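Q: Hi! I'm new to this one, could you walk me through it?
A: Happy to, let's have a look together.

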Amino acid sequence: MTAEVAPQPHAHAPTGEGYLTHERGLKSWLFTLDHKRIGLMYLGSVLLAFLLGGIMALLVRAELLFPGETLMEADTYNQVFTLHGAIMVFLFIIPSIPAALGNFFLPIMLGTKDVAFPRLNLGSFYIYCLGAIVAIVAIVIGHVDTGWTFYTPYSARADSSVIWMTSGAFILGFSSILTGVNFIATVHKMRAPGLHWKRLPLFIWGMYATSVIQVLATPVLAITLFLLMMEKTLTVGIFDPALGGDPVLFQHFFWFYSHPAVYIMILPGMAIVNEVIATFSHRKIFGYMFVAMSSISLALVGFLVWGHHMFTAGMSEYATMVFSALTFLVAIPSGVKVFNWVATLYQGSISFKSPMLYSLGFIALFTIGGLTGLFLGILSVDIHLHDTYFVVAHFHYVMVGGTVFGFVSGLHYWWPKMTGKMYSEKLARVAFVFVFVGFNVTFFSQFVLGSQGMPRRYYDYLDQFQPLHMTSSGGAFILGFGFLIMLFMFVKSLVSGEKAPPNPWSSAGYEWMTTTPIHPHNFAEPPVMTRGPYDYHLCTEEELFPGFPEDFKPSEKAAKA
Amino acid sequence: MAHADHGPKYLAHHFDTPKQQFESAKLGMWLFLAQEILFFSGLFVAYGVFRTWYPESFSVGSHLLDWKMGALNTVVLLFSSFTAAMAVRAAQIGEQTGVPEKDQHKLGGRKWTSIFLIITFFCAAGFMVVKYLEYSHKIHVGTLPGQFFGHPGFDMASVAGAEFYEEMEKAGALAYESGGHATVPFHLRTFFGIYFVMTGLHGIHVLIGMGLLLWILKRNASGEFSAEYNTPVDIFALYWHLVDLIWIFLFPLLYLID
Amino acid sequence: MADAHAHDHDDDYAVHAHITSIRTYVLIFGALLFLTGLTVAAYNIRLGELNLTVAVLIAMVKSSLVGAYFMHLKYDQRFNVLFFVGSLIFVGVFMAYTLNDTDHRGEEGVQGMRVDPATGNFAYGTATVLSETGEFTPFPEAADGDDPQTQPAPSEGDEAEAAQAPDEVDGTIDGDAPRVPAAPIDEMGEQGVEPLDEHGEAHDEQTDDAVAEDAAEEEAVADDAE
């Protein structure tokens with residue numbers, strides 16, 4: 001928690017060297033305090049987790065191609081979907097945007113040299129690694145088949161490797177909390193001169209709201225998992241009905257974290273969409289303050305609705321009614337966002353580059369995911385749909401159609417700035433088509449399956465569901481293929497991509513004002529912000545020039561005009 | 001980047017001013033403390049649920065705790081909080097060489113920082129000793145959580161069984177049925193589950209605090225802190241006060257149930 | 001980025017801590033001791049229902065003192081105060097919503113009763129009904145037949161040892177009949193006998209239909225209960 005940090009070795013980096021090359025060697029990465037390098041290390045880790053989780057997802061879908069045993073035994077199947085859920089949630093989605101892209105761009109967009117606590121930042125990365133290792137060891141040597149939610153009483157009686165798995169999640173939680181603490185302090189205390197709150201990029205607002213949830217909700221997950229561990233070792237009897245405890249209380253505890261955690265996952269996705277939409281519409285974002293405040297209110301309202309995960313769990317009817325009514329509140333700020341994005345597009349000069357395609361995909365899919373969420377918030381409808389594939393489809397529309405599309409959109413958008421390389425736009429678009437089509441085929445058929453009554457997490461199913469299951473599995477493989485193309489495209493860019501100019505999308509965003517490759521201190525000269533990040537009308541021609549600065553000849557252009 | 005005359009040695013390179021650095025550190029610590037509050041909140045919620053469900057077990061359970069021990073520990077911890085605050089004050093004043101004696105603050109400077117920190121450390125150690133006495137007594141007589149409650153499997157005629165019986169009788173926890181069998185409230189085990197988790201987690205925080213304290217003490221002894229830079233002492237004390245705050249609630253909620 | 005103004009305006013540059021006087025600290029410590037005494041005194045007066053309220057109120061005053069003076073919140077940045085105090089609101093939400101559920105379980109119809117998944121029977125903590133005679137009837141169908149609350153299997157040898165248990169210990173309370181000391185608690189749980197007063201409160205509050213139905217089975221008391 002201490003603030004003092006020794007002056008870094010790269011403090012006197014030769015001018016002109018980017019953050020990637022000014023220091024070399026493994027040690028310069030492992031002990032780096034540079035938020036950009038830490039962000040990249042996070043990026044590598046979460047992508048690895050995404051790959052693992054994705055393979056698990058494909059295994060699940062392959063097993064479900066036919067009724068009965070296809071690939072694996074029922075017991076293995078239970079473990080595989082648990083792994084898919086736990087890896088995707090704890091190792092991929094939650095850290096994906098904040099810890100990787102957020103870490104990289106938050107200080108740059110604030111015009112500062114680093115986050116407030118660089119050592120804490122590196123520490124949180126290693127805590128993440130430790131948590132990941134503990135969780136994966138539990139998976140490999142143990143027998144974790146509780147699902148990612150670890151519901152009691154099953155988890156309290158299941159294999160003892162659940163203790164290791166929950167310890168892993170416990171540790172990962174602290175990584176998340178420390179990132180949140182770091183970001184809030186950075187946003188409050190480290191903004192460049194002239195960057196007041198009303199000029200803050202909406203990506204920062206999204207990160208800020210996310211961080212508030214991380215700080216306030218994640219500790220409750222920690223205590224929940226801690227109590228579960230105590231239940232398994234000391235039999236404290238808080239969640240065990242046989243000892244006078246209450247398994248539904250576990251669900252309260254778990255969802256007090258995990259519902260806000262849904263906003264930890266989706267708010268950063270929304271935050272990226274703001275930036276991308278503004279850049280590729282070349283327009284000031286419509287209703288800036290409304291969008292900013294909707295992030296904050298989503299973060300706060302997200303704390304009031306956790307009970308809608310438990311309508312059929314045996315809560316008192318009185319409580320279910322309150323939670324149901326409050327759930328609809330969430331639709332308001334979400335609606336504000338979607339409305340403002342669409343309004344920003346209106347009369348903008350839109351260019352359909354690949355980041356924009358993913359962001360538009362986000363808006364469409366998130367809208368479907370959000371609206372089906374409202375169905376589930378209605379008490380009577382939820383009785384029918386609870387724990388069916390409808391729920392699975394709903395949250396995949398939000399988590400994959402939302403967060404993953406947002407993440408991928410941001411990755412495409414900032415790739416040239418991060419790596420200094422351009423990628424093949426053509427391949428990116430081909431990948432987008434596969435991902436978009438594959439995703440919808442996979443999960444739309446699950447909406448239908450769920451409404452017909454197919455329960456989630458089941459290993460076997462009735463013959464009547466087979467065509468839809470097959471469609472869904474087919475879609476999953478298309479989706480997987482799309483991601484493979486994307487992976488190929490990015491690797492190709494790293495190996496043989498063209499050199500990227502500083503501002504390839506002619507964006508007015510602050511992060512494009514710095515050089516490519518980025519200076520180790522983000523900006524060669526500390527910037528002073530004199531305009532907002534979406535003030536296209538205030539930008540000079542030079543600022544928006546997409547090519548290399550040396551190609552820019554304002555006098556010639558003026559002469560032509 | 002001309003960092004040669006960036007500022008004093010303690011100023012990290014990415015901060016512009018000591019004030020910015022200080023305020024960032026403070027804010028970061030307060031965010032962390034808010035996190036701690038939410039961390040403990042789960043225990044308080046569980047406490048609330050089970051106290052409303054099992055009021056009698058909680059009342060009896062509380063009589064099985066020694067409130068005098070709890071009160072003693074409260075006083076010890078409050079005093080340690082006081083000395084921690086005094087340590088921060090001493091560090092904020094810093095060395096007063098060159099200041100005329102009449103203008104000097106009393107009890108200021110590095111020496112007094114160390115003295116107050118050491119007192120705080122011993123208070124913390126005292127707290128843990130009392131905790132140890134309480135725990136060992138409970139483990140001995142079998143007022144333990146869940147399945148361990150009442151040493152299941154022990155013969156009641158054994159020493160442990162008889163001691164458990166006596167302990168229950170002393171607290172008025174026994175009810176007699178028509179058959180002559182004595183029973184104790186079933187949910188006492190829940191009370192002790194909550195008691196051990198709450199005080200245990202709090203105790204772990206005390207231990208962590210003691211570790212941090214030694215580290216701060218060492219840094220203070222090496223002369224790292226001054227009137228201009230004493231942030232680590234300050235934010236350590238914040239942590240310590242939070243540990244105290246939680247105990248302020250734990251004491252009446254666990255030991256003093258009517 | 002702020003080099004230009006950094007050294008000119010000392011106030012923006014250096015840290016100026018507020019140094020509290022020793023007197024204030026001692027006074028605060030004294031107040032805390034006094035309030036601790038007050039808590040203990042309030043406990044010994046046996047306030048009954050009010051006990052919890054008084055204890056929590058005093059604890060809040062104490063923690064405000066610690067926060068404001070020892071932790072310097074009084075002189076701190078407003079946002080720090082806001083965030084810290086704001087976090088308590090979230091604790092309140094957590095507590096209130098959860099208790100809103102657990103306090104109302106099983107009040108309306110049968111939805112919301114807790115079932116022990118191991119046995120399929122109603123579990124402890126379900127709102128229970130006590131007859132005036134002090135007999136425990138968890139629920140009509142659970143009451144007859146099987147034990148409603150079956151414990152997890154006791155540890156090995158438990159059963160046998162328990163059988164040997166009743167070595168007499170002098171009943172010291174009112175010495176009529178020789179008392180048999182408590183059997184191991186696991187055994188007691190198996191009897192499904194709740195301590196009698198435990199659910200006294202629940203009983204008082206249960207005035208709705210479900211209760212009336214249950215109570216009707218206890219013929220004699222049905223009228224009183226209404």
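Q: Where is A:Val276 found?
A: A:Val276 sits in helix α8 (residues 247–281) of chain A; helices are DSSP runs of H or I with at least four residues, strands are runs of E with at least two, and both are numbered from the N terminus. A quick note on the basis: this is a predicted model, where local features need pLDDT of at least 70 and side-chain atom pairs count only at pLDDT 80 or more, while totals for chains, interfaces and linings use all residues. Residues are numbered from 1 along each chain as its sequence is written, with chains lettered from A and ligands numbered from 1 in the order in which they are written.

Q: Is A:Val276 buried or exposed?
A: A:Val276 is buried, because 28 other C-beta atoms lie within 10 Å. The cut-offs are 20 or more such atoms for buried, 12 or fewer for exposed, and partly exposed in between, with C-beta atoms placed from the backbone.

Q: And what does A:Val276 touch?
A: Leaving out residues up to four places away in sequence, A:Val276 touches A:Pro355, A:Met356, A:Ser359, A:Ser409 and A:Tyr413. Contact means C-beta atoms, placed from the backbone, within 7 Å.

Q: Switching to helix packing: at what angle do α3 and α14 of chain A pack?
A: Helix α3 (residues 74–110) and helix α14 (residues 389–419) of chain A pack at about 25 degrees, and their axes are 11 Å apart. Axes are lines fitted to C-alpha atoms, for helices over the stretch in contact, and angles run from 0 to 180 degrees between N-to-C directions.

Q: Parallel or antiparallel, then?
A: α3(A) and α14(A) are therefore roughly parallel; that label covers angles under 35 degrees, with over 145 roughly antiparallel, 65 to 115 roughly perpendicular and the rest oblique.

Q: Which residues meet there?
A: Among them are A:Ile93, A:Phe104 and A:Phe105 in α3(A), and A:Gly406, A:Phe407 and A:Trp414 in α14(A).

Q: How about chain B, how many helices and strands?
A: Chain B has 7 helices and 2 strands, and along the sequence they run α-α-α-α-α-β-β-α-α.

Q: How far does chain B span?
A: Along its principal axes, the C-alpha trace of chain B spans about 85 × 40 × 30 Å. Of the 258 residues in chain B, 60% count as buried.

Q: What is B:Ala34 in contact with?
A: Setting aside neighbours within four places in sequence, B:Ala34 is in contact with A:Val215, A:Leu216, C:Phe83, C:Phe84 and C:Ser87.

Conventions
Contact = placed C-beta atoms within 7 Å.
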